[in-house]
Protein chains: 2
Amino acid sequence: MKTKLNANAQAVLESVRLSTSHPTASEVYDTVKTARPGIGLASVYRILHTLVQQGYIQEIRHSDDTCRYDGHIERHDHAICTACGALLDVPVNITLPPDLLQAAADATGMDLSSHELRLYGVCPRCALVQQQ
Amino acid sequence: MKTKLNANAQAVLESVRLSTSHPTASEVYDTVKTARPGIGLASVYRILHTLVQQGYIQEIRHSDDTCRYDGHIERHDHAICTACGALLDVPVNITLPPDLLQAAADATGMDLSSHELRLYGVCPRCALVQQQ
DNA sequence: ATGGGTGCAAATCCTTTGCATCTGC
DNA sequence: GCAGATGCAAAGGATTTGCACCCAT
């Protein structure tokens, strides 16, 4: 399933994996350009799609109009700041009671394969700003 | 917080609330045009934003590049078909153990206000198609 | 009369695509 | 030599915005 990655794809994958934030395509592009100066934005988009398809990285969308990428592929959850839009990985493993998932599967008739919990709230930085 | 809605805004809100799917802006536009023929797409976008801001409706994004709206504002969860992209409300109330949420809040330092569980899987229709 | 809402069209932004070229095998 | 990858520029599509106009207050 996973094909061998060429140098551009390696550089893109590395950039996404090393990023602690969840970079957008153009952030990845900016980063990768230092390692591969000739690369074009279109290739970054193409490579990101391939990496998602092949399961190397995950795509995440929330309220802004850009698509973000996450090099962290194990199942995990996200916390989203409703004030600034920041998207953080939740660093603890939240395991849902299986009966809840079963109930949801039954209710929707879907064959569930994965899930993601999205937590909404105010991040520490925004909380500070709001207090002022 | 909620201001009085004018006739256009009422029509948009009604359209979103009555829809069982999760309509996009242009689907809302198409629907609303029958009740308010003169309305423009830009106004639909403007009104949808206002309605979201004022808490009348929710905005949902997932993998496609359009933004969808949900007239269902009580906390609830979504099931997303990984084959066709369909987005369904989960018709059962999934209550998470409070200690899980607390652990996540502690780990992220965020002041959590809400959450949404996103379930990924294959919807019944797509499951049928895949079997063939 | 006055401030906010509106429609239209143009602009904007992210993303995708066409295509000629280049690359590695 | 060939299939796939690439860069560039142009196209595409969803959303936003500028602006003159209209409406209700």
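The model is predicted. Chain A can be laid on chain B with an RMSD of 0.1 Å. DNA strand C is surrounded by 16 residues, and 16 residues also lie around DNA strand D.

**How the two chains are related**

- Two copies of a chain are related by a rotation about an axis and a shift along it.
- Within chain A, A:L117 has the C-alpha nearest the axis, at 2.2 Å from it.
- Both copies use the same surface, and 100% of the contact residues of chain A recur in chain B.

**Strand pairing**

- Strand 5 of chain A and strand 5 of chain B, each covering residues 111–122, run antiparallel and are joined by eleven bridges.
- In this pairing, A:E116 stands opposite B:R118.
- Within chain B, strand 5 also pairs with strand 3 (residues 78–81), in the parallel sense and over four bridges.
- B:C81 has B:G121, in strand 5 of chain B, as its bridge partner.

**DNA strand D**

- Among the residues around DNA strand D, those that come nearest are A:I39, A:S43, A:R46, B:Y45 and B:H49.
- Sugar and phosphate make up 69% of the atoms of DNA strand D that come within 4 Å of the protein.
- Helix 3 (41–53) of chain A and helix 3 (41–53) of chain B each supply at least two residues of the surface near DNA strand D.
- Helix 3 of chain B gives the most to this surface, with four residues.
- By class, the surface near DNA strand D has six nonpolar, seven polar and three charged residues.
- From the side chain of A:N8, a polar atom lies 2.8 Å from a phosphate oxygen of DNA strand D.
- A:G38 has a polar backbone atom 2.8 Å from a phosphate oxygen of DNA strand D.
- For A:I39, a backbone N or O atom is 3.0 Å from a phosphate oxygen of DNA strand D.

**DNA strand C**

- The residues closest to DNA strand C are A:Y45, A:H49, B:I39, B:S43 and B:R46.
- Sugar or phosphate accounts for 70% of the atoms of DNA strand C within 4 Å of the protein, and bases account for the rest.
- Helix 3 of chain A and helix 3 of chain B each supply at least two residues of the surface near DNA strand C.
- The most comes from helix 3 of chain A, which gives four residues to the surface near DNA strand C.
- That surface divides into six nonpolar, seven polar and three charged residues.
- A side-chain N or O atom of A:H49 is 3.0 Å from a phosphate oxygen of DNA strand C.
- The side chain of B:N6 has an N or O atom 2.9 Å from a sugar or linking oxygen of DNA strand C.
- B:I39 places a backbone N or O atom 3.0 Å from a phosphate oxygen of DNA strand C.

Conventions
Residues numbered from 1 in each chain as written. Chains lettered and ligands numbered in written order. Predicted model: local features only at pLDDT ≥ 70, side-chain atom pairs only at ≥ 80, totals over all residues. Heavy atoms only, no water. Near = heavy atom within 4 Å. Polar contact = N/O pair within 3.5 Å; in protein donor to acceptor, adjacent residues only side chain to side chain. Nonpolar A, V, L, I, M, F, W, Y, C, P; charged D, E, K, R; others polar. Least-squares fit on C-alpha atoms with pLDDT ≥ 70 in both. Contact = heavy atoms within 4.5 Å. Pairing = 2+ DSSP bridges.
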